[in-house]
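Subject: Structure for you to look at

Hello,

Here is the structure I promised to pass on. Please open it before you read the rest.

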Amino acid sequence: MKSPAEIAQGYIKIAQGKTTQKWYKLLILAVLAGAFIAFGAATATAASAGTGAYSTLIKGLVFPVGLVLVVVCGAELFTGNCLMISPLIGRDVKVGGFFKNLGIVYAGNFLGGLLIAVLVVYSHAQSQTVAEACVAAAAAKSNMGFGDALLRGILCNMLVCLAVWASMAGTSAAGKIVALYLPVLAFVVCGFEHSVANMYYLSAGLMAGVEYGITAAGLSVGNALLYCLLPSTLGNVIGGCLIGIGYHTVYRTKMPKSEQ
């Protein structure tokens, strides 16, 4: 496997590619990533519905399929891209390119998650039990509270960025999957908050509530945005930046101009 120092050095070129990518290609890859994470969330909901005390563990075992698809198939994920703080503070990428990437990718991830939510709910692939679990999950997130969601977002993206970092140590598809699997399982089982997954969970829960006639206290668009999506996004940025800055401080040196 690659050493942490090799990963840190190699990530410079990866980040430069991300920040110089044409906007429409970036958007397409971001929509795909949002859809991939939504597939993981939808599968986790369906697999765990009605399983009682084992539901959280089952979600954790199933959900990583989303990040596996992002890493192996290639896509742009907002949470993982917070690692670009490392080449940014090392002046290997431009500030404008950094914020362009995060802005376009966040919007694209939302579109991808929303698309899958629409297709899942209105295809009526969900049973009543799964729909109820979907609504219950969205309601719980909407009633979480700003501070809790912020802190859980920090913890979540520390693990997600560690998963992405670990996957870069692998030199085969199997190695990458094994490396990323456990950190993703950990954040799901611990109940931490992933903003891109929440784009699906909240959208699907709101729509399923209407389509299946299920009501839940506190579940509204306003609460979903204010008490879940916004704070979990801010927390994800902070958590990802903590990991990126930490590894930059320990391992990174500026790439020689001859290699740029």
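This is a predicted model: local features need pLDDT of at least 70, side-chain atom pairs count only at pLDDT 80 or more; totals for chains, interfaces and linings use all residues.

**Overall build**

The protein has 12 helices and 0 strands. How does the radius of gyration agree with that of a compact globule? The chain has 260 residues, and a compact globule of that length would come out near 18 Å. The protein has 18 Å, so the two agree. Along the principal axes, the C-alpha atoms fill a box of roughly 60 × 35 × 30 Å.

**Two helix pairs**

Start with helix 9 and helix 12. Helix 9 covers residues 146-167, and helix 12 covers residues 221-251. Their axes lie 6 Å apart, at an angle of about 40°. Angles under 35 degrees would count as roughly parallel, and 65 to 115 as roughly perpendicular. Helix 9 and helix 12 are therefore oblique to each other. The crossing of helix 9 with helix 12 is right-handed. What kinds of residues make up the contact of helix 9 with helix 12? There are 19 nonpolar and 7 polar residues, and no charged ones.

Now take helix 3 (residues 55-62) and helix 10 (residues 173-190). These two pack with their axes 8 Å apart, at an angle of about 150°. The cut-off for roughly antiparallel is over 145 degrees. Helix 3 and helix 10 are therefore roughly antiparallel to each other. Helix 3 passes helix 10 in a right-handed crossing.

**The cavity**

How many cavities of 30 Å³ or more does a search of the whole structure find? It finds 1. The largest cavity has a volume of about 40 Å³. Which residues line the largest cavity? They are Ile37, Phe63, Leu67, Leu77, Val160, Val184, Phe187 and His194. By class, that lining has 7 nonpolar residues, 1 polar residue and no charged ones.

Best wishes

Definitions and conventions: Residues are numbered from 1 along each chain as its sequence is written. Side-chain values use heavy atoms; hydrogens and water are left out. Axes are lines fitted to C-alpha atoms, for helices over the stretch in contact, and angles run from 0 to 180 degrees between N-to-C directions. Helices (H or I, at least four residues) and strands (E, at least two) are DSSP runs, numbered from the N terminus. A crossing is left-handed if the near helix is turned anticlockwise from the far one by less than a right angle, and right-handed if clockwise. Ala, Val, Leu, Ile, Met, Phe, Trp, Tyr, Cys and Pro count as nonpolar, Asp, Glu, Lys and Arg as charged, and the others, Gly among them, as polar. On a 1 Å grid over the protein atoms alone, a cavity is a set of points where a 1.4 Å probe fits but cannot get out, and a pocket is an open set with protein on both sides within 12 Å along at least five of seven lines; lining residues have an atom within 4 Å of a point. Grid points are joined across faces, edges and corners, and a volume is the space filled by probe spheres set on the points. The radius of gyration is taken over C-alpha atoms; the globule rule is 2.2 Å times the number of residues to the power 0.38.
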